[in-house]
Amino acid sequence: MSNLKFPANTESRENIFKALKELKDDDIPWETGKVMAYVYNTIPEAHQLANEAYMLYLTENGLDPTQFPSLLQLERQVIAMVADLLNGGTAAVGNCTSGGTESVILTVKTARDRARHLFPHITNPEIIIPETAHPCFHKAGHYLNVKVKTTLVDRTTFKADVKAMEQAITDQTILIVGSAPSYTHGVIDNIEAIAVLAQANNILCHVDACVGGMFIPFAKMLDYPMPPFDFSVAGVSSISCDLHKFGYVPKGCSTIIYRNKALRQYQLFSCSAWPGYTIVNPTVLSSKTGGPMAAAWSMFQFLGIEGYKHAVKACMDARDLVIEALKTIPELYLLGQPDISMLSFASNSTTINVFELAERMKAKGWFIQAQLKSNVSDAGIHLSISHFNAPHMAGLMKDLKKVVKALKTDKETLNSEQAKPDTAVIKNLLANFTPETLDNLEQLLGTDDKGIPADFVVINNILNTLEPAQRDELLIAFINKMFSVEQ
Ligand SMILES: *Cc1c(COP(=O)(O)O)cnc(C)c1O
């Protein structure tokens, strides 16, 4: 589709970097600390250290740890240190992965292949997850041909309804899941009760601690009350813990940890039946850089328990400040009681459209993450507050208050659910979805010169009125197009 040709001539290093830097001009300026998603950061010295450690191991290849024993050592040690935080004892084993999604895909594969081996009557394997579990479980089910059953969460606490999980168990169930905490609301599920169910039914229990694994242990050391969530809970078989979130390691770094080797064996893949080199992969990636592991290893040494505790304390203080400030904005309400410094709030006023709120905050330099309404909660705003965001939270809440006030008094923006273009027109368009639909929609809604939607308020308002299946169809068509437009 693009007319761009492969470079015929060489370009100077100077020009290349100039161009690369210019490309970033339109990105959200995360360095300000005013971006409450996507980027987790702590003190500048640690950030720099991790980047340098990453570069030092950029070229080494984790494909074959027998030829790069340095990577084997780094991985073993990173896993041992994380397992120590998660009370894994001496039997715990695990691997570094490219991210939480890969960790979860692997845990679902492990459960599937364990069932294939031990329980031949399971022909249509199912996993059970609460509605608030991260979508990567659906992605894992989609990739691995495993059915995903979603169970209710409480509409006030947003914790998994363990009774509902129990009722969902069948003779095909291979795995049940709890979040510690869920990304959306920052709420930790009742892991103890979920693990009891797993034990009673001889199925695996995965705790998704992608965000909590590097947070809750330090919060506990600081005497914040935290429910049991890790390997100290009998019945928990595996835990995913991202290091590129509250571990403050550069992206490409998560861990998947199992209670023992006997479980982890099902994660592995080997293929020696081709003419080339022997493949034995513990993870999804085959060739892989050692950068993330070196960065994680270095970050752990550099910050130590004290450094992480310090970061967690700052995050928890910031969370408390946000919660208190929200109480002074009657148009907004907190969703549940977040256990860590991740939270969501929604609007209970017809005059405050949260998508509009997010865009107006963006104009003031804040990135707050809009989320569509679901069966679980209203459309809302999510904040992931990491260490480098913490000092800015007073400013954030001050601006939030101002923007809410402005939205209320600004008659122009009243009821933007019905704002241009008419959602009825859009719904009509979508009823008969064809490739042209997208073009028509884009013409209606407008995109910028990079093919990125110009008006997220309108887009989100439209998506918000659609059923999830229709949202997904539209989003896939749109992204398919967005990655193919002419540059
Ligand atoms: C972020 C997250 C994931 C997915 O992690 P990625 O690193 O983005 O792949 C899974 N579960 C939870 C709870 C998360 O917060």
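Begin by selecting Asn-87, which is found in the loop between helix 3 and strand 1. The model on display is predicted. Asn-87 has a positive phi of about 55°, although it is not a glycine. Most residues other than glycine have a negative phi. With a relative accessible area of 42%, Asn-87 is partly exposed.

**Helix 3**

Next, select residues 69-85, which make up helix 3. The helix that Asn-87 follows has 17 residues. From its first C-alpha to its last, helix 3 reaches 24 Å, close to the 24 Å expected at 1.5 Å a residue.

Which residues of helix 3 are buried? Colour Leu-71, Leu-74, Glu-75, Val-78, Ile-79, Val-82, Ala-83 and Leu-85 to display the buried set. These residues lie on the same side of helix 3, because they cover an arc of only 160° around the axis. An α-helix has 3.6 residues a turn, so residues three or four places apart point the same way. Now turn to the other side of helix 3, where Arg-76 and Asp-84 are exposed.

**Helix 4**

Proceed to Lys-109, found in helix 4 (residues 100-118). Is Lys-109 buried or exposed? Its relative accessibility is 15%, so Lys-109 counts as buried, the cut-off being under 20%. Leaving aside neighbours within four places in sequence, Lys-109 is in contact with Leu-144, Tyr-266, Gln-267 and Leu-268.

Leu-23 is exposed, with a relative accessible area of 65%.

Tyr-38 is not a glycine, yet its phi is positive, at about 70°. At 48% relative accessibility, Tyr-38 counts as partly exposed.

**A cis peptide bond**

Select Ala-180 and Pro-181 and display the backbone between them. Pro-181 is found in the loop between strand 4 (173-179) and helix 7 (191-200). What is the geometry of the peptide bond from Ala-180 to Pro-181? The bond is cis, with omega near -10°. Most peptide bonds are trans.

**Strand 11**

For the last stop, select Met-342 in strand 11 (residues 342-347). Met-342 is buried, with a relative accessible area of 0%. Display its surroundings: leaving aside neighbours within four places in sequence, Met-342 is in contact with Tyr-40, Tyr-183, His-185, Gly-186, Val-211, Phe-246, His-382, Leu-383 and Ser-384. Finally, draw a distance between the C-alpha atoms of Met-342 and Leu-383. These residues are 41 residues apart along the chain, and their C-alpha atoms are separated by 5.6 Å.

Terms used: Residues are numbered from 1 along each chain as its sequence is written. This is a predicted model: local features need pLDDT of at least 70, side-chain atom pairs count only at pLDDT 80 or more; totals for chains, interfaces and linings use all residues. Side-chain values use heavy atoms; hydrogens and water are left out. Helices (H or I, at least four residues) and strands (E, at least two) are DSSP runs, numbered from the N terminus. The expected span of a helix is 1.5 Å times one less than its number of residues. Buried means under 20% relative accessible area, exposed over 50%, partly exposed in between (1.4 Å probe, protein chains only). The arc is that of the directions from the helix axis to the C-beta atoms. Contact means heavy atoms within 4.5 Å.
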